[in-house]
Amino acid sequence: MALQTGLEILQAAQAGKYGVGAFNTDNLETTLAIIEAAEETRSPILLAITAGALKYSSKRIVDIAMAEAKNATVPVAVHLDHGESFEICMWCIRNGFTSIMIDKSHEDEATNIRETRRVVDAASAVGVSVEAEIGRLVELGAEVIISEENATLTTADEAERFMAAAGADTLAIAVGTAHGPNKGRGRPEINHERIAEIAARVSQPLVMHGASSIPQDVVARVIEAGGVLKDAVGIHDDDITQAIANGMCKVNVGTDLRIASTAGVRELLRDKPEIIDLRKILEPARNEMRRVIIKKMNLLQSSGKA
Ligand code: 13P
């Protein structure tokens with residue numbers, strides 16, 4: 001079972017009409033929380049690693065993720081999230097990743113196609129699947145990277161044209177979500193018609209980035225324990241369910257894990273100020289992350305699919 005390609009896992013999800021979580025991991029505790037949740041619910045998963053996670057861990061996160069993926073009794077893909085260059089994609093392939101994302105969505109379409117095609121040609125030769133992206137997600141937060149005005153939803157025409165030319169295995173589309181804890185004012189508006197339209201024209205599995213739900217009870221606990229989380233809003237559960245019904249297969253979640261772990265650590269340090277053992281400090285982080293991941297797996301209906 002264990003290590004599979006992203007495409008294998010997502011084709012099964014597409015056929016079975018359920019979603020699979022791609023959970024971001026930066027360290028041991030997060031990786032263990034994700035794997036434990038997957039084992040407990042019998043869910044297939046993608047362990048998503050960014051360039052930031054590689055840098056933070058001096059690349060050791062790869063050894064941890066690979067070992068956990070190989071030992072798991074559920075299907076796991078080790079996935080590069082938002083690969084920004086050909087070089088980093090090749091490094092990940094050489095180091096055992098079974099799924100990579102080349103993200104040139106900030107470039108013009110011709111460049112995005114050319115750079116994606118280059119990665120697809122290399123990855124497909126060694127059986128690694130490739131996710132690409134077209135369209136631009138909002139990036140709000142402390143620093144606005146892409147404002148609501150500059151974000152562009154993916155159109156069905158460009159999605160079809162892009163996939164025919166670039167040959168990627170899966171496609172991330174912009175349909176109203178955003179990365180990070182600030183996904184808009186009030187309930188973020190997800191364009192469900194657009195998802196259905198794209199799914200009708202693109203046969204490959206679709207990917208939703210920025211899908212954290214930012215649970216308000218957990219946000220309240222972070223604030224209560226002294227944290228600052230201003231205007232934190234996530235994607236409504238009903239929108240996730242509907243997006244999957246309309247053809248979304250891979251659902252990316254990172255911020256929910258950060259908020260949950262912060263709540264656990266803040267509360268422990270507030271309530272037990274005598275604790276100085278990092279294992280005891282990080283234990284609630286791992287438990288809180290496992291809890292939100294299990295909830296997400298049940299929502300995606302990946303539970304029981306492994
Ligand atoms: P969130 O910030 O909503 O967790 O999204 C994570 C993501 O899309 C990683 O690629």
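1. Basis. This is a predicted model, in which local features need pLDDT of at least 70, side-chain atom pairs count only at pLDDT 80 or more, and totals for chains, interfaces and linings use all residues. Residues are numbered from 1 along each chain as its sequence is written.

2. Ligand shell. The ligand is surrounded by 14 residues. The closest are His209, Ser212, Asn252, Gly254 and Thr255. Strand E3 (76-83), strand E10 (248-253) and helix H11 (255-271) each give two or more residues to this shell. A residue is near a molecule if its C-beta atom, placed from the backbone, lies within 6 Å of it. Helices (H or I, at least four residues) and strands (E, at least two) are DSSP runs, numbered from the N terminus.

3. Shell make-up. The shell holds two nonpolar, 10 polar and two charged residues. Ala, Val, Leu, Ile, Met, Phe, Trp, Tyr, Cys and Pro count as nonpolar, Asp, Glu, Lys and Arg as charged, and the others, Gly among them, as polar.

4. Ser212. Ser212 sits in the loop between strand E9 (206-208) and helix H9 (216-224). Ser212 is buried, with 28 other C-beta atoms within 10 Å. The cut-offs are 20 or more for buried, 12 or fewer for exposed, and partly exposed in between, counting other C-beta atoms within 10 Å of the residue's own, all placed from the backbone. Leaving aside neighbours within four places in sequence, Ser212 contacts Gly234, Ile235, Val253, Gly254, Thr255 and Asp256. Contact means C-beta atoms, placed from the backbone, within 7 Å. Pro181 is 31 residues from Ser212 along the chain, yet their C-alpha atoms are separated by 7.9 Å.

5. H5 and H6. The axes of helix H5 (residues 86-94) and H6 come within 10 Å and cross at roughly 20°. H5 is therefore roughly parallel to H6. Axes are lines fitted to C-alpha atoms, for helices over the stretch in contact, and angles run from 0 to 180 degrees between N-to-C directions. Angles under 35 degrees count as roughly parallel, over 145 as roughly antiparallel, 65 to 115 as roughly perpendicular and the rest as oblique. Phe86, Cys89, Met90 and Ile93 of H5 meet Glu115, Arg118, Val119, Ala122 and Ala123 of H6. By class, that contact has seven nonpolar, no polar and two charged residues.

6. H6 and H7. Helix H6 (residues 109-125) and H7 have axes that come within 9 Å and cross at roughly 40°. That makes H6 oblique to H7. Glu109, Ile113, Thr116, Arg117 and Val120 of H6 make the contact with Glu158, Phe162, Ala165 and Ala166 of H7. Five of these residues are nonpolar, one is polar and three are charged.

7. H7 and H8. Helix H7 (residues 156-166) and helix H8 (residues 192-201) pack at about 30°, with axes 9 Å apart. H7 and H8 are therefore roughly parallel. Ala156, Ala159 and Glu160 of H7 touch Glu197, Ile198 and Arg201 of H8. Three nonpolar, no polar and three charged residues make up this contact.

8. Positive phi. Most residues other than glycine have a negative phi. Ser58 has a positive phi of about 50°. Ser58 lies in the loop between helix H3 (51-56) and helix H4 (60-71). Ser58 counts as exposed, with 7 C-beta neighbours inside 10 Å. Gln301 has a positive phi near 65°. Gln301 lies in the segment after helix H12 (278-300). With 17 other C-beta atoms within 10 Å, Gln301 is partly exposed.

Conventions:
Two residues are in contact if their C-beta atoms, placed from the backbone, lie within 7 Å.
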